Amino acid sequence: MTEDGRIEARGYAEFAQHFPEPGWVEHAPEEIWQATLAACRTALDQASTAPRCVGLTNQRETAVLWDRRSLAAPRRAIVWQDRRSSAICARLREAGHEPRVTELTGLRLDPYFTATKLTWLAENDPVDGDPAIGTVDSYLIARLTAGARHVTDPSNASRTLLYDIVAGAWSEELCELFGVPMHALPELVPNWGEVGRTDPGAFLGLDLPISGLAGDQQAALFGQTCFTPGDVKCTYGTGSFILVNTGDQPVRSDAGLLTTVAWQDPAGHRTYALEGAIFVTGAAVQWLRDGLGILDTAAESEAVARSVPDSGGVVFVPALTGLGAPHWDPEARGTILGLTRGTTRAHLVRATLEAIAFEVRDIVETMDVTVLKADGGGSANDLLLQLQADQLGIPVERPVVQETTALGAAFLAGLGTGVWSSPEELRKTWRLDRRFEPAGEDGTAYARWQRAVERSRAWA
């Protein structure tokens, strides 16, 4: 990333998704690390200048265990989408623990979060010895530093169900509730400022400061320069995540939104956010491609959907891993309604894009929003963003740099090493690509969506 906010070079590498049982989603930590190395190597080969620092962002909530000395992971990571701890959440909820958990963490008892995954491992697949415990950021920093650092930041910690968002510290009470040894958790560090250095023997021969880190959605909020309370962004990725900056105080929601830490500066001042988390949006398009085989590429979805004027009455509720905000139903399952003999693949593809817009509307309607900033891979789809503007009745703005998760990590790293002097300086780097104005909608399709959501719930 250049000082004026442009992409200098990029690298990309995929790693395998593992689905050993229905509702289970796993990643092999070593494969994550090797993909990270490959992507960084590609970016470095393309770059015209040498890197000055490292910024890191990651999928949140995924639970990773590894040996502190060898850095080997004895089990696959349990991914944020994994539903296997649903029964543990129900057990804790029935025992009356959810109000206290929500009070301390701003979250809910849901399999989405890290702690119940760790509880499941302790009860069903315990690991010998005394492994390090963390999310993907902690694991990658351990690998980058050859095991010298075991750290995380408040944006990631606040997604574990183990962090007290008011005290800004790991909670002994929560660790005891979920059966997680506190000493195995990472040290908490600010979101910018040097937290360690890469080991040349581990990381492509480079000795660089690691000076910025944040969970992916908070990084995107930062990358969109949403520094003022009330600023809102939506990242269209595997899932979609709507975050609104709420300033220096945690704001509680009665509408199914999560209270989370957005970032913490080196002086210890925390900025908070409200978040609406949708588990499956872009992943639904991937399912059309990989599961049903009706698309060759995800990018093809726009042209196919435009070939029909509407979905022909078809409604797709992509609850492939349950429903997140605002419904929070881990037992919901994917539902397709309204099929007729005249239904084609184009209708199903269009219904999928409409579903993404409906899911985001479900959340944004609980907020006071005048403009929605859009980013992530799905934001390249013009039809999707027009449908979104129509459903919300407000403009949707797409920046020139749509990889704002990576951009946010770069901003944080640059702040941590003095490339930029303050977050306010970063506002000058944000550039508009396109603004989608609402053209109006009759409400019938959204009402049909709401009926379909009710039919998808509690299915499992």
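Biologist: Is the crossing of α11 and α12 left-handed or right-handed?

Modeller: α11 and α12 cross in a right-handed way. A crossing is right-handed if the near helix is turned clockwise from the far one by less than a right angle, and left-handed if anticlockwise. Helices (H or I, at least four residues) and strands (E, at least two) are DSSP runs, numbered from the N terminus.

Biologist: Before we go on, what kind of model is this, and which pLDDT cut-offs apply?

Modeller: It's a predicted model: local features need pLDDT of at least 70, side-chain atom pairs count only at pLDDT 80 or more, and totals for chains, interfaces and linings use all residues. Residues are numbered from 1 along each chain as its sequence is written, and side-chain values use heavy atoms, with hydrogens and water left out.

Biologist: OK, back to α11 and α12. At roughly what angle do their axes cross?

Modeller: Roughly 40°, and the axes of α11 and α12 (residues 382–392) come within 9 Å. Axes are lines fitted to C-alpha atoms, for helices over the stretch in contact, and angles run from 0 to 180 degrees between N-to-C directions. That angle makes α11 oblique to α12. Under 35 degrees counts as roughly parallel, over 145 as roughly antiparallel, 65 to 115 as roughly perpendicular, and the rest as oblique.

Biologist: Which residues meet there?

Modeller: On the α11 side they include Leu353, Ile356, Phe358 and Arg361, and on the α12 side Leu383, Leu387 and Gln391 are among them. Contact means heavy atoms within 4.5 Å. By class, the contact of α11 with α12 has ten nonpolar, two polar and three charged residues. Ala, Val, Leu, Ile, Met, Phe, Trp, Tyr, Cys and Pro count as nonpolar, Asp, Glu, Lys and Arg as charged, and the others, Gly among them, as polar.

Biologist: And α8 with α13: how are those two helices oriented to each other?

Modeller: Their axes cross at roughly 75° and come within 7 Å, so α8 and α13 are roughly perpendicular to each other. Asp216, Ala219 and Phe222 are among the α8 residues that meet α13, where the partners include Leu407, Phe411 and Leu415. That contact of α8 with α13 has eight nonpolar, four polar and one charged residues.

Biologist: What about α1 and α5, what's the angle there?

Modeller: About 65°, with the axes of α1 (residues 29–46) and α5 (residues 136–144) 11 Å apart. α1 passes α5 in a right-handed crossing. Trp33 and Thr36 of α1 are among the contact residues, as are Tyr139 and Arg143 of α5.

Biologist: Which strands does β13 pair with?

Modeller: Five bridges join β13 to β12 (residues 232–236), running antiparallel, and seven bridges join β13 to β15 (residues 270–278), also antiparallel. Two strands pair if DSSP finds at least two bridges between them. β12 and β13 form a hairpin with three residues between them, and Thr235 has Phe241 as its bridge partner. Gly247 is partnered by Tyr272 in β15.

Biologist: There's an open sheet too. What's its strand order?

Modeller: The order is β2-β11-β10, with mixed pairing. β2 and β10 are the edge strands, each pairing on one side only. From one strand to the next the twist averages 40°.

Biologist: Last one: Val315, buried or exposed?

Modeller: Val315 has 7% relative accessibility, so it counts as buried. Val315 is in β16. Its contacts, not counting residues up to four places away in sequence, include Ile336, Leu337 and Trp449. Ala452 is 137 residues away from Val315 along the chain, but their C-alpha atoms are separated by 7.0 Å. β16 is also one of the elements that the buried residues of α9 pack against. Those α9 residues are Ala283, Ala284, Val285 and Leu288.

Terms used
Buried < 20%, exposed > 50% of the residue type's maximum accessible area, 1.4 Å probe, protein only.
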